[in-house]
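Q: Hi! Could you walk me through this fold with me looking at it?

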Amino acid sequence: MAADVVAWRPAVPGLTEVFHARFTDHVYPAHTHDAWTLLLVDDGAVRYDLDRHPHGASAAAVTLLPPGVPHDGRSQFPGGFRKRVLYLEPATLGEERVGRAVDRPAFADPVLRDRVSRLHAALTPATEDLEAASRLAFVVERLGRHLDRAVAAPDEVRDDRVADRLRDLLDARLVEGLPLEAAAADLGVSATHLVRAFTRRHGLPPHRYLTGRRVDRARRLLLAGMPPADVAQAVGFHDQAHLTRHFRRMLATTPAAYARSA
């Protein structure tokens, strides 16, 4: 039996686990989870039974298995399969939708697949909390629309007051950051409404605005002589490597080289 497994628990409300695996001949016995299982198959295909009904999962669709419902799993082809899984807390989609997911556990939706894949990319060891929370909110929104049979383009959001208030909150909490759900609750809107309003008003999503403001402050501290490792902590990045990644992306140089240029 050959397997390659990586799993971790991100500090993102609503997510209980991230699980990436490559299986050759592993066969899952029937089991249940206490979370929603959101599955992307990147290579190969999976055959599984959900509530004693046969189904398949492949790269053509996003698969969603509801909590508390028995399912198993095996590779459809001899070469095995590679998958990425997110486990979502039960409340993210609600108990009332479990039956709908049993009836229809797969969605051939390229937009949803892209959103889930981008969420995985955001869930690195140095997770950008605001980015990951924003991407999760849009994934959950689209999943809910599928389960409610109401997938449609969202209405354009024009809410400059809310967008400007969020900008003020981000500026005031530059170092410690701002939980998306808490900000949305304080402002009396949904998380997706908040992100859409901010993006329309200010031309970029909240997490990119916050990162840009942190890099701006880092530049000033570097030119004032503060060591890059201390700068990273002072402006809200996880560590120097995290600062360097964003600094290089925005300025095509490292913090240390930028400081030496002065």
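The chat below goes through the cores, a helix pair and a loop.

A: Happy to! One thing to keep in mind is that this is a predicted model.

Q: Good to know. How many residues does the largest nonpolar core have, then?
A: It has 42 residues, and those with the most contacts inside it are Leu38, Leu86, Leu88 and Leu143. Strands E2, E4, E5, E7 and E9 and helices H1, H2 and H3 each supply at least two of its residues. H3 gives the largest share, 6 residues.

Q: And what does Leu88 touch, leaving out residues up to four places away in sequence?
A: Its contacts are Gly14, Leu15, Ala35, Trp36, Leu38, Leu93, Leu136 and Leu143. Apart from this core lies another one, of 21 residues, with Leu170, Leu194, Val195 and Leu210 among them.

Q: Switching to helices: at what angle do H3 and H7 cross?
A: Roughly 170 degrees, with their axes coming within 8 Å. Angles over 145 degrees count as roughly antiparallel, so that is how H3 and H7 run relative to each other.

Q: Which residues meet there?
A: From H3, Leu130, Glu131 and Arg135; from H7, Pro206, His207, Arg208 and Leu210. By type, the residues of this contact are 3 nonpolar, 1 polar and 3 charged.

Q: New topic: where is Asp51?
A: Asp51 sits in the loop between E5 and E6, and its phi is positive, near 55 degrees. Arg52 lies in the loop between E5 and E6 too, with a positive phi of about 70 degrees although it is not a glycine.

Q: Is Arg52 buried or exposed?
A: Exposed, at 75% relative accessible area. Asp51 counts as partly exposed, at 27%.

Methods. Residues are numbered from 1 along each chain as its sequence is written. This is a predicted model: local features need pLDDT of at least 70, side-chain atom pairs count only at pLDDT 80 or more; totals for chains, interfaces and linings use all residues. Side-chain values use heavy atoms; hydrogens and water are left out. Axes are lines fitted to C-alpha atoms, for helices over the stretch in contact, and angles run from 0 to 180 degrees between N-to-C directions. Helices (H or I, at least four residues) and strands (E, at least two) are DSSP runs, numbered from the N terminus. Angles under 35 degrees count as roughly parallel, over 145 as roughly antiparallel, 65 to 115 as roughly perpendicular and the rest as oblique. Contact means heavy atoms within 4.5 Å. Ala, Val, Leu, Ile, Met, Phe, Trp, Tyr, Cys and Pro count as nonpolar, Asp, Glu, Lys and Arg as charged, and the others, Gly among them, as polar. A nonpolar core is a set of buried Ala, Val, Leu, Ile, Met, Phe, Trp, Tyr and Cys residues joined through side-chain atoms within 4.5 Å. Buried means under 20% relative accessible area, exposed over 50%, partly exposed in between (1.4 Å probe, protein chains only).
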